Amino acid sequence: MFDKLEDLLHHYEELMNTLSEPDVANDPNRFRKLMKEQSDLQPIVDAYKEYKACKQTIEDSLAILDEESDEEMRELAKEELNEAKSRLGELEQKLKILLLPKDPNDDKNVIVEIRAGAGGEEAALFAAEIYRMYVHYAERGWKVETLEADETGIGGMKSVNFMVTGAGAYSVLKYESGVHRVQRVPETESQGRIQTSTCSVAVMPEAEDVEVHIDDKDIRIDVMRASGNGGQCVNTTDSAVRLTHYPTGIVIYSQTEKSQIQNKEKAFALLRTKLYDLELQKKQDAESEERRSQIGTGDRSEKIRTYNFPQGRVTDHRINLTLYKLDKILDGDIQEIIDACIAADQAKKLAKMQDEN
């Protein structure tokens, strides 16, 4: 591990020298690529430099204890030695995590698809609550844009697709893929019986044009008047767009914008991402054992979380985490759950790496 860290440190120093060259700034694409690489390496380099400084502190403290007779100096050296040893262990663990193979999609924006599952209208209402939960969470540091929504008349959603734009969106939100379950008494239930309903969440990394090729002959484009509530252009112009992709049977309907061109752009962005996600799923299916061992890239039919209203609790079944703050979580306070999922995922990957070594 430390040979690799020395190589990375040397490469980082070369990279910084390259970035200081005058001609690099004149090439925006190269400059952007080098800055991205420098940004990725920075946390590893900082941690490794601190690790080396701790090692030096330990050596210096031991030398003082061997040579120094002054009791006050010896006590100071002992204190510094204990602090450095404690920090050294923390840094070694941190470096192991930083050196774990990175998901190439982690830095991408995401498109999230939520679909109501079992439970009829109650499931649609729950899907709408989960949508709002993610919007509240994402809007704290990212940008959210709704791409497609199929709403019911009483505030529910049969389905909704939205994009989250921001640094590292996929690295965080990928842990939300799976089936979410709610247990509560529906407003329509006169007997006060608790009902269980579900919705599914799929978090997909945004696909770039170069990553997915869509052949014109494989696509049917229909334009029509938008339906439902909306602005003055709804039901008056052919602004809504429906894409049908023949090879996969995927149908995309977009009507959130007043402009047909904008709706078409959104529809194609969603189609590209779904096709890219299909390829990712095929690849992960081929590596099913590894996929099952990871949190966040597992089977999307897996029940990952339960929201229990009578007890005010939320339980994530993958990591056996239960929190009694249902209202806060539904208001977007999901960072604690995500952090726990990331820690569990890293622990599994570290254990797997140690087994291989």
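Student: Is N320 buried or exposed?

Tutor: A residue is called buried under 20% relative accessible area, exposed over 50% and partly exposed in between, with a 1.4 Å probe and protein chains only. N320 has a relative accessible area of 72%, so the residue is exposed. N320 belongs to the loop between β10 (313–316) and β11 (321–323), and its phi is positive, at about 55°, although N320 is not a glycine. This is a predicted model, in which local features need pLDDT of at least 70 and side-chain atom pairs count only at pLDDT 80 or more, while totals for chains, interfaces and linings use all residues. Residues are numbered from 1 along each chain as its sequence is written, and side-chain values use heavy atoms, with hydrogens and water left out.

Student: How many helices and strands are there in the chain?

Tutor: Helices (H or I, at least four residues) and strands (E, at least two) are DSSP runs, numbered from the N terminus. The chain holds nine helices and 11 strands, and 43% of its 357 residues count as buried. Contact means heavy atoms within 4.5 Å; among contacts in the chain between residues at least 6 apart in sequence, 61% join residues at least 24 apart.

Student: What should the 28 residues of helix α3 span?

Tutor: The expected span of a helix is 1.5 Å times one less than its number of residues. For α3 (residues 71–98) this should give 40 Å, and the end C-alpha atoms are 40 Å apart, which agrees.

Student: Which are the buried residues of α3?

Tutor: They are A77, L81, A84, L88, L91 and L95, and their cover includes α1 and α2. In α1 the buried residues are L5, L8, L9, Y12, L15, T18 and L19, and these pack against α2 and α3.

Student: What caps the N-terminal end of α3?

Tutor: The cap is D70, of which a side-chain oxygen lies 3.2 Å from the backbone nitrogen of E72.

Student: How many aromatic pairs are there?

Tutor: A pair of aromatic rings is described by the distance of the centres and the angle of the planes. Rings of Phe, Tyr and Trp (its six-membered ring) pair if their centres lie within 6.5 Å, and planes under 30 degrees apart count as stacked, over 60 as edge-to-face and the rest as tilted. By this rule the count is five aromatic pairs. One of them joins F2 and Y51, with ring centres 5.1 Å apart and planes at 25°, so this pair is stacked. The pair links distant parts of the chain, since F2 is in helix α1 (residues 2–19) and Y51 is in helix α2 (residues 28–67), 49 residues apart. F2, at 30% relative accessibility, counts as partly exposed, whereas Y51, at 7%, counts as buried. Another pair is that of Y137 and W142, whose ring centres are 6.1 Å apart and whose planes stand at 80°, so it is edge-to-face; both Y137 and W142 are buried.

Student: Which residues do ring pairs link into a cluster?

Tutor: The cluster consists of F2, Y48 and Y51.

Student: How many residues apart in sequence are Y134 and L330?

Tutor: They are 196 residues apart in sequence, and 8.4 Å apart in space, C-alpha to C-alpha. Y134 is in helix α4 and is buried, with a relative accessible area of 3%. Leaving aside neighbours within four places in sequence, Y134 is in contact with residues including F162, H180 and R305. R132 is found in helix α4 (residues 120–138), and at 37% relative accessibility R132 counts as partly exposed. The C-alpha atoms of R132 and G332 are separated by 7.7 Å, although the two residues are 200 residues apart along the chain.

Definitions and conventions: A polar contact is a pair of N or O atoms within 3.5 Å; within protein, one must be able to donate a hydrogen and the other to accept it, and residues adjacent in sequence count only if both atoms are side-chain atoms.
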